[in-house]
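Subject: Structure handover

Hello,

Here is the structure for you to look through. Please keep it open while you read the notes below.

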Amino acid sequence: MSTTSRRRFLLGGLAGAGAVSLGLLAYRGLERGPVGAAIPESMGPLRATPDMATGLPLLKLPPGFRYRTMSWAGTTLHDGFTVPGRADGMGVVAQAGSRVTLVRNHEQRETGGPIGDPDRAYDIVDGGTTTLVFDTAAGELLDSWVSLGGTLHNCAGGVTPWGTWLSCEEGVFSPSLRHLAPVGKYRGWNIEQAGREHGFVFEVPAAGVADPEPLVAMGQFEHEAVAFDPRSGIAYMTEDNEPDAGFYRFIPNTPGRLRDGGRLQMMRVPGRPDMTAGLRLGEEFDVAWVDIPDPTRGFASGTRRPSGVADQGLAAGASRFVALEGCAFANGHLWFTSKSGGAHRSGYVMEYDPVREKLWMVFESRGHRYFSGPDNIVMSPRGALVICEDRLSGDLAGQSVTGLTPQGEFFRFCQVNPELAGEYAGHDLGATAVRSEWAGATFSHDGEWLFLNVYSPGFTVAITGPWTAGYL
């Protein structure tokens, strides 16, 4: 992004501060009203729209948009295995004409056996990835298969510049520590019989099944998303930990060959050891980096608290974030989200310029009744951020996919139909889809199709329509 464009986005963020303040006033007037009612619908009023595959009015979309769902949890993949649930991060790894290849994460965490072929699996836990081949001309799913099995709580990840998918484990586990009591969210996880170390990044090819070899130099922590600077080959990574999350970069020894190892560093904002709250829209911060001496030290000493990597960074002067989620690189800049940071603990979006080493906030949620839990993100080919909602509290019905323009305009593009009821593929849609978060936002290479995941019960949506320059 040019200096002029950067200033435009920054000034847009500042202009957006006024718009968001109006949103806050509306939010305060909506304490007893419907969630998200104050979010503008800049691409047209959202209306319940039938799915071309099932006929169900699953989504609300602007006029002229259409969509098709595919690969629902519990149905059968083309390789004969069952579609896993908890569809999370996803990316387009290849496109040949109208044939789009996507790799999709599944954030599962049980030790009842891996998805797919057990002989190709890393361990006995049931997280991993599936690969989908979708024909945009025919609007049909052509092929699907399990492409990684035996991994733990595969949350987000990212597409590499060379056309593979990095699938990131958010769960951290070590068989050598199973004698210690689980902590935090791990208390309810059925992972005690797992046989290998977890908390790593795995590379998945666009075709075939992954060789499940962890990229240990990229760290053992509660990974979320990855985004690459294609000029430098540096990978940037988020961590979904509370209260001590880090924002990281990985400098590979050999660009394009992550298995050759590299240098893991954590972001330091001089003078701001705590970046969880107290930020102002558009305020610039300097950025520096500290080395992580031992990227494979996943746990705090003598415990099962999965903060061993972040602890090393914080001890060296790095800055503390909280619940970092999505990460996207475009036009020379990088954006990342915090799901529960900010003044209302309902999330924010940061922008980072790696050339100038500057960081600033471009969006802050005004509360859980407006929009909260910004999660997976992607930059639209038409210049706006697409932000998936993972609402943390309150009424969870009808979560949204939103846009944020360079001018700071924040708007709703898509919503799970909050009035949806009934059952499909064995799933109670009122108990699953209506309350589900969104995940996995990614565009086809020609920019004509937006792919998303409805996390629960777990299915993929392909959306197309009259995209608008300056919006999505």
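How many bridges join β23 to β24? Five bridges join β23 to β24, and the two strands run antiparallel. Strands here are DSSP runs of E with at least two residues, numbered from the N terminus, and two strands pair if DSSP finds at least two bridges between them.

Before going on, note that this is a predicted model, in which local features need pLDDT of at least 70 and side-chain atom pairs count only at pLDDT 80 or more, while totals for chains, interfaces and linings use all residues. Residues are numbered from 1 along each chain as its sequence is written, and side-chain values use heavy atoms, with hydrogens and water left out.

The strands around β23

Five of the five residues of β23 (residues 400-404) are buried, so the strand is largely enclosed by the rest of the structure. Buried means under 20% relative accessible area, against over 50% for exposed and in between for partly exposed (1.4 Å probe, protein chains only). Ser400, Thr402 and Leu404 point one way from β23, and Val401 and Gly403 point the other way.

The four-stranded sheet

An open sheet has four antiparallel-paired strands in the order β3-β29-β28-β27. β3 (66-70) and β27 (438-443) are at the edges with a single partner strand each, so one side of each has no neighbour in the sheet.

β27 is joined to β28 (residues 450-454) by four bridges, and Ala439 has Asn453 as its bridge partner in β28. Six residues lie between the strands of this hairpin, where Gly447 takes a positive phi near 75 degrees. β28 is joined to β29 by five bridges, again antiparallel, with Val454 opposite Phe459 in β29. That hairpin has four residues between its strands, and Gly458 in the turn has a positive phi of about 115 degrees.

Five of the five residues of β28 are buried, so β28 is largely enclosed by the rest of the structure. Leu450, Leu452 and Val454 point one way from β28, while Phe451 and Asn453 point the other way.

Nonpolar cores

A nonpolar core is a set of buried Ala, Val, Leu, Ile, Met, Phe, Trp, Tyr and Cys residues joined through side-chain atoms within 4.5 Å. The largest one has 31 residues, and Phe413, Trp438 and Ile463 have the most contacts inside it. Elements giving two or more residues to this core include β22, β24, β27, β28 and β29. β24 supplies the largest share, four residues.

Leaving aside residues up to four places away in sequence, Ile463 touches several others, including Leu59, Phe413, Trp449 and Leu452; contact means heavy atoms within 4.5 Å.

The largest pocket

The largest pocket holds about 840 Å³ of space. A pocket is an open set of points on a 1 Å grid over the protein atoms alone, where a 1.4 Å probe fits, with protein on both sides within 12 Å along at least five of seven lines; lining residues have an atom within 4 Å of a point. The volume is the space filled by probe spheres set on the points. β17 gives the most to the lining, with five residues.

Regards
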